[in-house]
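Have a look at the model first, then read on.

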Amino acid sequence: MKTNYYIMKDGVLRRKENTIYFINKEGKRALPITKIYAIYAYGNLSFTSGVVSYLSKNGVPIHFFNQYGFYEGSLYPRETLVAGDVTIKQVEHYLDKNKRCYLAKRFVEGATKNILRNLNYYSSSKSLGKHIENIEGEIQRIENYNTIPQIMSVKGHIRELYYTALDEIFPEEFKMGGRVKRPPNNKTNTLISFGNSLMYTTVLSEIYNTQLNPTISYLHEPFERRFSLSLDVAEIFKPIIVDRVIFKLVNKKMLNDNDFVGELGNMLLSDSGRRKFLQEYHDRLSRTIKHKSLGREISYQRLIRLELYKLVKHVLGIQEYKPLVMWW
């Protein structure tokens, strides 16, 4: 079974036959190519063109993050599954205003309903009724909008309402007081930024294994040098995966001051904080649930792939796309 590998230390990647080795001052670690799904690299990582060629040949992307945990870019293997008919249909759905808005609305709808699932989970112990009501009102309004800026505005407002609600769930030291990104200004903003970068790259790895073109998106504008379809699909999964990881880390008091560096106004995760987050994130992706339609256990990471398959069917006109909403 393939798995994600997280490299936290500076080092070198080298290839010997069918194995990639990560080498640093602490020793050598084997990464068998048949078991690598994707590599997440934090810090300085050196490698030869031979390593790059071998990883690309085997469809293994490397996602790079800087010393602060911010996403820098990806070494994306040569695409082998992208199909001309799917790409053409993707473009058609982008160029057609109504088709694009339909998909944009569905991404916001899926994200919002999963946000509401999170808030409803805590509503019995916290006074969250007003926040839930406000968010439900926002999602009802979205069907009346017919431009991407309007839909993005609704998405942004829903997130603001959600983050305000989180301040009633989290203890005092983890209250947000509003979303701040680069640099994050407090502990919860730090956790959200770190997790969202992970989610973006996880979705990108899954897109590579489908016929979809990652640069053609609907909710977010396609821009040069970014895989904007990852941003679209990540909206649905951030509440399911990233936010639930944060809830566990905070509510179970798994984090302490040593897991953060910097001060309020400029705060990041320390090495120990990143390790804790990555472990919980990996465990969350690996967790399985019984799928309602398939009737078998599948992992959370596999849910992302299935969501992408649904998108392929939609653009090909096989089945109308409906976003994943947590049923468990």
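## The largest pocket

The largest pocket holds about 910 Å³ of space. A pocket here is an open set of points on a 1 Å grid over the protein atoms alone, with protein on both sides within 12 Å along at least five of seven lines, and lining residues have an atom within 4 Å of a point. Volume is the space filled by probe spheres set on the points, which are joined across faces, edges and corners.

Its lining runs to 25 residues, with K181, N196, S197, L231 and K238 nearest the centre. Two or more lining residues come from each of β8 (71-75), α5 (148-169), α6 and α7 (228-251), and α5 gives the most, with five. Helices (H or I, at least four residues) and strands (E, at least two) are DSSP runs, numbered from the N terminus.

## The second largest pocket

This one comes in at about 440 Å³. It's lined by 18 residues, and H291, S293, L306, E307 and K310 lie nearest its centre.

The whole structure has three cavities of 30 Å³ or more; a cavity is a set of points where a 1.4 Å probe fits but cannot get out. The largest cavity has about 60 Å³ of space, and α6 (187-208) supplies the largest share of its lining, three residues.

## How to read this

The model is predicted: local features need pLDDT of at least 70, side-chain atom pairs count only at pLDDT 80 or more, and totals for chains, interfaces and linings use all residues. Residues are numbered from 1 along each chain as its sequence is written, and side-chain values use heavy atoms, leaving out hydrogens and water.
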